[in-house]
Amino acid sequence: MRLAREQNSTARVSVKVRKEDAAFGFEEWSKLIDAAFLIPAGYSFVDDFPVWDPKNGAEIHRWNLRDNQSTLLSTVSARVAYVQCEQKKIRVVLIGAVASLPGHQDQGYASQCFETAIKWVETKSKADVAILWGSETKFYSRYGFDLGGEQCRMQLEQVTAPTTEVMGTIEIGWNPAIFDCMTNRSLGIKLGDSDVSWMESHKNVLWCSLKKNKEIVAYTAIGRGIDLPKIVHEWGGDPESLKFLLMKIREKIPGLSIIGPRSLLQEYGLAVTGQEITKEKLCLFKVLNRSKVPDFEQLRAWFWGLDGA
């Protein structure tokens with residue numbers, strides 16, 4: 001996702017960073033984030049990233065920088081999760097919502113906030129790897145983060161037709177049964193009961209599913225508001241049913257692409273020999289536990305679109 005820009009310089013007023021309860025001053029935090037990320041009026045950052053809203057049940061760690069008038073000037077958030085990789089399951093801390101209040105940017109506030117947060121991540125989170133997404137790679141490289149992992153992208157038009165007859169009814173919109181399917185996926189963040197609320201609270205995701213005999217046999221998710229435009233970023237179920245669903249989707253919505261790990265794209269028969277696949281870096285990472293993760297690339301980690309912070 002995009003990150004609100006911040007450069008390192010000398011702070012101009014007396015400020016202090018504190019680790020605060022995520023529910024404390026949430027309205028003020030939300031206004032800062034919306035302004036920093038240029039969210040249009042009538043919309044909210046948490047419409048597209050509801051995991052950072054404390055009412056949705058995720059365990060959030062938040063660092064806020066305030067001046068001596070207690071005005072919120074900068075913020076960093078994080079949460080801990082387990083991720084199933086191709087090689088093993090690891091504990092990760094996902095960092096996001098790094099931003100400063102417009103008019104107070106370029107003063108080093110985000111740097112101070114991030115430095116405090118990363119100290120906690122390194123000493124208190126018990127995570128094996130720290131993960132984040134953003135375009136400010138030079139900024140994060142100062143704290144030991146590198147670009148890594150692999151994300152494969154292909155045009156939806158490249159997906160071949162199912163080889164067997166597929167029957168079912170296509171449904172549009174969120175269905176709690178989709179979450180049940182997602183808990184069984186072989187790669188990505190391991191989902192549990194505490195993840196239901198934030199997952200179903202995405203307001204700008206187009207969910208599509210294929211139902212057969214009252215059961216969902218395939219599902220997809222497209223877009224995420226300010227993030228992942230025209231991208232199928234969640235998908236799963238029966239491979240032949242999924243192909244059928246993707247073909248029906250591309251008939252209605254041209255120009256879509258699909259992202260995923262190479263292994264699953266091949267396993268599902270979505271990527272076959274000779275097709276053009278674009279390889280991209282997956283995330284910014286910092287290994288915290290070398291005994292558990294001696295080489296991040298060998299993990300072949302994967303994060304689905306809504307896993308991203």
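Predicted model: local features only at pLDDT ≥ 70, side-chain atom pairs only at ≥ 80, totals over all residues.

Let us begin with helix α3, which runs over residues 109-123. At 1.5 Å a residue, its 15 residues should span 21 Å, and since the end C-alpha atoms are 22 Å apart, the two values agree. Several residues of α3 are buried, among them Tyr 109, Phe 114, Ile 118 and Trp 120. What covers the buried residues of α3, then? The cover includes the strands β1, β2, β3, β4 and β5, together with the helix α4.

Now to the lysine, Lys 286, which has its place in strand β15, residues 283-287. Is Lys 286 buried or exposed? Its relative accessible area is 16%, and because buried means under 20%, Lys 286 counts as buried. The side chain of Lys 286 is joined to that of Glu 122 by a polar contact of 2.4 Å. Leaving aside neighbours within four places in sequence, Lys 286 is also in contact with residues including Asp 128, Val 129, Tyr 143 and Phe 145.

Finally, the second largest pocket, which holds about 220 Å³ of space. Its lining has four nonpolar, three polar and five charged residues, and among those that line the pocket are Glu 86, Arg 262, Phe 296 and Trp 302. Helices α8 and α9 each supply at least two residues of this lining, and the largest share, three residues, comes from α8.

Terms used: Residues numbered from 1 in each chain as written. Heavy atoms only, no water. 1 Å grid on protein atoms, 1.4 Å probe; cavity = no way out; pocket = protein on both sides within 12 Å on 5 of 7 lines; lining within 4 Å. Points joined across faces, edges and corners; volume = space filled by probe spheres on them. Helix = DSSP H or I, 4+ residues; strand = E, 2+ residues; numbered from the N terminus. Nonpolar A, V, L, I, M, F, W, Y, C, P; charged D, E, K, R; others polar. Buried < 20%, exposed > 50% of the residue type's maximum accessible area, 1.4 Å probe, protein only. Polar contact = N/O pair within 3.5 Å; in protein donor to acceptor, adjacent residues only side chain to side chain. Contact = heavy atoms within 4.5 Å. Expected span 1.5 Å × (residues − 1).
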